[in-house]
Amino acid sequence: MRIEVQSIVKRFGSFTALNNVSLAVESGELVALLGPSGSGKTSLLRVIAGLDVPDGGRLLFDGRDATRRNLRDRGVGFVFQHYALFRHMSVFENVAFGLRVRPRALRPPERDIADRVRRLLALVQLEALGDRLPSQLSGGQRQRVALARALAVEPQVLLLDEPFGALDAKVRKDLRRWLRRLHDELHVTSIFVTHDQEEALELADRVVIMNQGAIEQVGTPDEVYEKPATGFVFRFLGDVNLFHGRVENQTLRIEDTTFDMPIVATEDGEAQVYVRPHRLTLQAAPTGHGEFPATVERVNAAGPLVRIDLVAAWGSPLRVEMSEDRYRRLRLNLQRGSEVFIAMQQDFYVETNGHGRPNGVASTSRDVVAAPMAS
Amino acid sequence: MLRSHPSREGRPVALTDSGPIRWALTIAALTFLTLFLFVPLAAVFSQAMEQGWRLYWAAITEPDALAAIKLTALTAIVVLPLNVLFGIAAAWAITRAEFRGKQALITLIDLPFAVSPVISGLIFVLLFGAQGFLGPWLAGHDLKIIFAIPGIWLATLFVTAPFVARELIPLMQEQGAEEELAAVGLGASGWQTFWRITLPKIKWGLLYGAILLNARAIGEFGAVSVVSGHVRGETNTAPLHVEILYNEYSFSAAFAVASVLAMLALVTLAAKSLVEWRSQRVA
């Protein structure tokens with residue numbers, strides 16, 4: 001089912017949770033609503049589910065107005081963050097619930113219900129646990145019961161509120177790969193809320209990035225990561241170093257260092273420069289293309305990625321990341337107190353006077369600089 | 001209380017008092033219980049039996065006593081379901097709905113506990129009595145509430161109104177409404193959601209509240225005394241009958257009827273403990 005959100009407004013007292021939000025989700029898509037807490041992502045999900053009524057705007061399901069259609073008639077499967085399993089019913093009865101409460105004429109016979117529940121429990125790999133009570137299950141198992149229960153009524157849309165929020169890191173990763181495979185199998189239009197960018201980027205077909213009740217950008221994981229529409233998106237999708245400098249005549253200057261590359265900032269003036277840790281490089285001596293000195297604080301070489309914490313000559317902390325291979329080839333033999341020079345590669349984000357744009361190899365051509373989606 | 005579970009791991013050392021203090025506190029508590037609970041209770045039964053089984057039996061099967069016990073039972077049967085319904089409705093409204101004056105409703109529910117039962121009785125006399133607000137209208141239609149059985153029911157209803165609601169409100173607040181929302185989202189009607197989800201969730205709290213409600217409905221004295229009129233064999237409840245017998249110096253008979261009430265109280269306590277034990281095992 002295709003979902004269209006048109007200029008939705010939702011207020012709680014004086015707080016505006018959703019400020020004129022519009023979004024279209026295509027049939028069969030798996031979309032992530034991503035943002036920090038208070039960004040409005042859960043409010044948007046609840047409006048789509050019918051758990052909250054918006055103060056303005058429209059919601060269309062397959063082109064038909066569903067703004068005020070009540071929760072019971074929406075045909076939406078909702079998986080609550082804390083699962084909301086029926087605590088007094090067995091796993092089997094939890095999954096069967098949506099079938100058992102149907103009006104007599106539409107209710108499948110007992111044998112069909114049992115068949116369907118068994119198939120769903122097999123789908124979520126819980127065949128053996130049908131007789132257990134929810135309190136006897138682990139977090140990951142409860143999550144899968146909640147999913148099976150939502151799927152039992154064959155919803156047109158599946159909505160998941162922080163589906164992995166209450167699970168530990170290892171289970172999270174397994175479960176999200178599993179959920180992706182399940183979605184590829186079932187193709188139910190699905191929307192999930194998360195504050196974890198890694199989860200959104202790995203799992204979703206498209207990611208909706210929200211901030212302060214508005215949408216900052218909508219795009220595939222590649223698009224939002226490689227071509228962030230706003231500084232917020234760039235900062236939110238991964239670690240960044242922040243430098244304060246000046247842009248004049250398309251040239252960037254940070255403290256005493258002038259960088260030898262064109263800057264596409266919209267205006268001259270004070271600039272905030274955001275650079276990802278893996279877009280900074282280390283060298284033993286300056287080459288004259290724009291490097292600044294820094295002192296090593298700590299080197300963490302555990303795992304495939306080497307993380308180096310440094311302090312710039314003007315005192316601000318920064319982080320550099322590179323592959324273990326590359327670190328070894330550099331042969332810098334860094335220790336606490338080592339003096340190095342830091343160069344910036346393309347693909348950073350420059351903001352002058354509140355207007356920002358990506359500054360990268362790809363983004364120097366005009367067509368890929370996406371206009372902010374927020375309205 | 002219902003939701004305080006004793007810790008299974010034992011208390012942390014820092015919270016454990018020294019031996020003598022623990023013994024002193026235990027002995028103080030037991031002495032208090034003995035003096036003010038066990039001794040009076042034993043006295044009730046021994047006084048009732050003072051003149052032997054035969055007289056005891058005669059005292060409680062005497063027509064007026066039987067009528068009083070029957071009226072008490074009937075009052076409980078009428079009041080219990082009505083106030084269980086009221087308690088569920090009030091708790092549901094307060095915990096599940098948003099409306100103006102919610103705080104006022106929470107306070108109002110506690111009103112019967114806050115005022116003296118005698119005043120509760122007087123309220124009904126002022127409303128329905130011969131000189132009362134609705135008195136002339138009732139007299140004109142030949143309806144009798146005060147000094148009649150309906151008055152006893154009304155007074156008991158009022159006095160016992162808070163029990164179930166007070167038990168359910170914190171329980172339902174703690175449980176939240178997500179399971180109900182999930183049920184409705186799965187297509188359940190309001191009625192199905194109540195019977196299949198809400199009621200099973202609150203049943204132990206509800207039963208606990210109903211038991212306390214029942215105990216109070218059986219034992220209520222003050223409010224009922226004001227509205228009853230003390231007509232023997234007609235508007236006398238068991239507690240009122242005990243007082244009348246006592247005032248007439250029929251001590252053995254008074255204690256015999258009192259012992260019936262005491263036994264009902266003991267049964268109630270046993271039921272209450274059973275419910276507490278069951279609900280802790282389930283939780």
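The centres of domain 1 and domain 2 of chain B, taken over C-alpha atoms, sit 29 Å apart. The model is a predicted one, so local features need pLDDT of at least 70 and side-chain atom pairs pLDDT 80 or more, while totals for chains, interfaces and linings use all residues. Residues are numbered from 1 along each chain as its sequence is written, with chains lettered from A and ligands numbered from 1 in the order in which they are written.

Domain 1 of chain B covers 19-48 and domain 2 covers 53-282, bounds that come from an automatic or database domain assignment. Five residues of domain 1 of chain B are in contact with eight of domain 2 of chain B (C-beta atoms, placed from the backbone, within 7 Å). On the domain 1 side of chain B, that's four nonpolar residues, one polar and no charged (nonpolar: Ala, Val, Leu, Ile, Met, Phe, Trp, Tyr, Cys and Pro; charged: Asp, Glu, Lys and Arg; polar: the others, Gly among them).

As for cores, the largest nonpolar one has 107 residues, with A:Ala32 and A:Val208 among those with the most contacts inside it. A nonpolar core here is a set of buried Ala, Val, Leu, Ile, Met, Phe, Trp, Tyr and Cys residues joined through C-beta atoms within 7 Å, buried meaning 20 or more other C-beta atoms within 10 Å of a residue's own. Not counting residues up to four places away in sequence, A:Ala32 touches several residues, including A:Phe192, A:Leu203 and A:Val208. Another core, of 60 residues, lies apart and includes B:Trp153 and B:Leu245.

Terms used: Contact = placed C-beta atoms within 7 Å. Buried ≥ 20, exposed ≤ 12 C-beta atoms within 10 Å, placed from the backbone.
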